[in-house]
Amino acid sequence: MKFVDEFREPGVIGKASGEIRRLADPKRHYRFMEVCGGHTHAIYRFGLKDLLPSNIELVHGPGCPVCVLPMGRIDDGLSMAQDPNVIFTAFGDMMRVPGTNGSPLEHKARGMDVRIIYSPSDALKLAQKNPDKHVMFFAIGFETTAPSTALTLIRAKELGLSNFSVFSNHVTIIPAIRAILDSPDMRIDAFIGPGHVSTVIGCRPYEWIAKNEGKPIVVSGFEPVDVLQSIVMLLQQLQAGEAKVENQYKRVVPWEGSRPALRAMAEVFELRPYFEWRGMGFISQSALSIRDSYAQWDAEKRFQVPGVRVTDPKAAQCGEVLKGVLKPVQCKLFGKECTPERPVGALMVSSEGSCAAYFNYEHRKAAVLTSIGAAV
Amino acid sequence: MCLAIPAKIVELFPEEQNRALIEVAGVRRHIDTSLLADDPPKTGDWVLIHVGFAMSKISEEQALDQIQTLTMLGEQEAAIQEVQGYGLGET
Ligand code: SF4
């Protein structure tokens, strides 16, 4: 296992972490939420927490698309693929996410035609190669991924491909941040903003967080130095009593976002009036459905969708962990009934889920240290 | 899944505007470049790719830095597996 001290820029890292210690007021407790699951993964992967003073707490946000999907949607997607003529396609991350009667992989073992794809365009190719089958793509993702799905649908329409459809589970990040800020049991001082989502939407959509809520937000890259630098920028704002949107990830994120990506999304998608998020309930205008002009490729319109609502197993506390109210280890099932090998909740499946990230790095590190008799 | 991987554009196709052949650690794959329509890439440019689409251009220096990080963390294999598309192959 590699930690940050083996990393290539110990000088820069040391400097950033020294700067954090200098700026952080020892009398204060800071709670910073990293919205994006990619950051959660990086924070555990690089052991960044060990570089922060103990009064800076990193709270994991809802930005893991697999994790926020309620179980009912997985059941809905799988029910469409009961038809032996349908090929169910999804990203690798989805494959082990439990539905009521098992994950897509378990359905595959029982004979369902389930295929892992890397790109929505692979699903389209599969449809072209199998004209006598129907290929359904189970689409998930925030604004990072939605443009790729949109472009694939535009392509399907251009080709007049009739045996392809998309089950859209695309969600949008801003309403989720709003729900967190509105939640009474939540106190966040500032946000580490998502990097790749912002490549698409730009930085403007975050302005209300600074202006109306008075919370600083820094859009951040994913390298260890990026995350530490973003924390420095947040502390500088807090110290100066400011709240603004800053862009630490300028080398990739344009302030205005990506016009071609936004155009493609606008062509294909519209906002759903409301959508259910795992553990967070219904959030209005927080997800994307496919426009009527693409109805022919909309799996929800082509198939009977049961639209069942399934509650999570009682002891599972995925919702609280998703909102950042509980830490992964505070869930009663963590490391016992729920492990990456036998996940109960989706947060234990995706590498961006905070339970999996915590289990794979912190928990295993602690176990190793205990087994060699070191103090943890 | 939200991983974005740096890759170098090795070939463009004049007859197919939005397609490019990229290379990641010796692995080649076709990607879609429609999202860079406002500033189309050239051969030799580095891009960040996500689920088979180029999201943005990056400098060679940043790309190499990021590849080094992936290698160092032993995550390069996962990246390559993603890029290969789990054996679905090219058409
Ligand atoms: S440990 Fe498992 S059940 Fe508990 S919150 Fe995490 S994913 Fe959900």
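# Exercises on a predicted two-chain model

The ligand has a shell made of Ala316(A), Gln317(A), Cys318(A), Val321(A), Cys331(A), Phe334(A), Cys338(A), Gly345(A), Leu347(A), Met348(A) and Cys355(A). A residue is near a molecule or strand if one of its heavy atoms lies within 4 Å of it. The model is predicted, so local features need pLDDT of at least 70 and side-chain atom pairs pLDDT 80 or more, while totals for chains, interfaces and linings use all residues. Residues are numbered from 1 along each chain as written, chains are lettered from A and ligands numbered from 1 in written order, and side-chain values use heavy atoms, without hydrogens and water.

## Exercise 1: the ligand shell

Solution. 
- Step 1. Buried means under 20% relative accessible area, exposed over 50%, partly exposed in between (1.4 Å probe, protein chains only).

## Exercise 2: the disulfide

Solution. 
- Step 1. Identify the pair. Cys64(A) and Cys67(A) have their sulfur atoms 2.2 Å apart.
- Step 2. Check burial. Cys64(A) is at 3% relative accessibility and therefore buried. Cys67(A) is at 1% and therefore buried.

## Exercise 3: a parallel sheet in chain A

Task: Give the strand order of the four-stranded open sheet in chain A, and say which strands stand at its edges.

Solution. 
- Step 1. Define the parts. Helices (H or I, at least four residues) and strands (E, at least two) are DSSP runs, numbered from the N terminus. Two strands pair if DSSP finds at least two bridges between them.
- Step 2. Write the order. The sheet runs β4-β3-β5-β6 with parallel pairing.
- Step 3. Find the edges. β4 (114-117) and β6 (164-170) of chain A each have a single partner strand, so one side of each lacks a neighbour in the sheet.
- Step 4. Neighbouring strands are turned by 25° against each other on average, direction ignored.
- Step 5. Inspect one pair. β3 (residues 86-91) and β5 (residues 134-141) of chain A pair over four bridges in the parallel sense. Phe88(A) has Met136(A) in β5(A) as its bridge partner.
- Step 6. Place the helices. Axes are lines fitted to C-alpha atoms, for helices over the stretch in contact (heavy atoms within 4.5 Å). Angles run from 0 to 180 degrees between N-to-C directions. Helix α5 (residues 120-129) of chain A lies across β3, β4, β5 and β6, at about 175° to β5(A). Helix α6 (residues 146-159) of chain A lies across β5 and β6, at about 160° to β6(A).

## Exercise 4: chain B

Task: List the elements of chain B in order, then name the sense in which β1(B) pairs with β4 and β2.

Solution. 
- Step 1. Count. Chain B has two helices and five strands.
- Step 2. Order them from the N terminus: β-β-β-β-β-α-α.
- Step 3. Pair β1 (residues 5-13) with β4 (residues 46-50) of chain B: antiparallel, four bridges. Pro6(B) stands opposite Leu48(B).
- Step 4. Pair β1(B) with β2 (residues 16-24) of chain B: antiparallel, five bridges. Ile9(B) stands opposite Ile22(B). A hairpin through two residues joins β1(B) to β2(B).
- Step 5. Of the 91 residues of chain B, 51% count as buried.

## Exercise 5: positive phi

Task: Where do Gln285(A) and Val51(B) lie?

Solution. 
- Step 1. Recall the background. Most residues other than glycine have a negative phi.
- Step 2. Take Gln285(A). Its phi is near 50°. Gln285(A) lies in the loop between β12 (281-284) and β13 (288-290) of chain A, and is partly exposed at 46%.
- Step 3. Take Val51(B). Its phi is about 40°. Val51(B) lies in the loop between β4 and β5 (53-58) of chain B, and is buried at 3%.

Terms used
Disulfide = S-S within 2.5 Å.
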